[in-house]
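Reader: I'd like to learn how to read the features of a model like this one. Could you take me through a few, general idea before the case?

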Amino acid sequence: MARTPQDEPGVTAWAALLRAHAAVVPKLGRAVGAAGLQISWYDVLLVLNAAPERRLRMSDLGAAAVLSREQISRVVSELERAGLVERVPNPDDKRSSYATITAAGRQRLRAAAPSYLSAIEDHFARHLTATEVAALTRALGKVVAAEE
């Protein structure tokens, strides 16, 4: 009998990853939505808050956030209109700018964090053993390192 693509272990693992993502992300979105944030906003605010000086060049933000680079500009514009992020010209390169989290952005991020972390635990981590979490972290880290 001929093997189909679905019989390949890599395809099976990839499909499981996509299904898990599709099952969990909407629940995380509802969790941060209670604090008035969209999941894409939370991701960008989280990355900016962890960055040196709480700012990143737009190109670096695009590389660090979970969103596609094409979505970053739109999301930063939305965050800027909401007063949660500012765009600051890069004094060293007039063609680029920094996205900087504002005090209001940090406050909203802090307000949403407990719900976000709780949702990760409830809808993802509690289904896995510590060994599985470690293995998954290592395995996906290898993919990210190789592809970036």
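Author: Let's start with burial: buried means under 20% relative accessible area, exposed over 50%, and partly exposed in between, using a 1.4 Å probe and the protein chains only. One thing on provenance: this is a predicted model, where local features need pLDDT of at least 70 and side-chain atom pairs count only at pLDDT 80 or more, while totals for chains, interfaces and linings use all residues. Residues are numbered from 1 along each chain as its sequence is written, and side-chain values use heavy atoms, with hydrogens and water left out.

Reader: Okay, is leucine 140 buried, partly exposed or exposed?

Author: Leucine 140 counts as partly exposed, because its relative accessibility is 35%. Across the protein, buried residues account for 26% of the 148 residues.

Reader: Which element holds leucine 140, and how many helices and strands are there?

Author: Elements here are DSSP runs numbered from the N terminus: helices are H or I with at least four residues, strands are E with at least two. The protein has 6 helices and 3 strands, in the order α-α-β-α-α-β-β-α-α from the N terminus. Leucine 140 sits in helix 6.

Reader: Which residues form the nonpolar patch on the surface?

Author: A patch takes residues with over 30% relative accessible area and no salt bridge; nonpolar side chains (Val, Leu, Ile, Met, Phe, Trp, Tyr) are joined within 5 Å, like charges within 9 Å. A salt bridge is a side-chain nitrogen of Lys or Arg within 4 Å of a carboxyl oxygen of Asp or Glu. Accessible areas come from the Shrake-Rupley method with a 1.4 Å probe, and for residues only the protein chains shown count as cover. In this model, Trp14, Leu17, Leu18, Phe124, Leu136 and Leu140 make up the patch, together about 510 Å² of accessible area. Helix 1 (9–33) and helix 6 (130–147) are the elements giving two or more residues, and helix 1 has the largest share, with 3.

Reader: And how many salt bridges does the structure hold?

Author: It holds 5. One of them joins arginine 74 to glutamate 78, with the closest N and O atoms 2.9 Å apart. Those two are 4 residues apart in helix 4 (residues 69–81), so about one helical turn separates them. Arginine 74 is partly exposed at 42% relative accessibility, whereas glutamate 78 is buried at 17%.

Reader: What about arginine 87 and glutamate 80?

Author: Their side chains meet in a salt bridge too, at 3.2 Å from N to O. Arginine 87 is partly exposed at 28%, and glutamate 80 is partly exposed at 34%.
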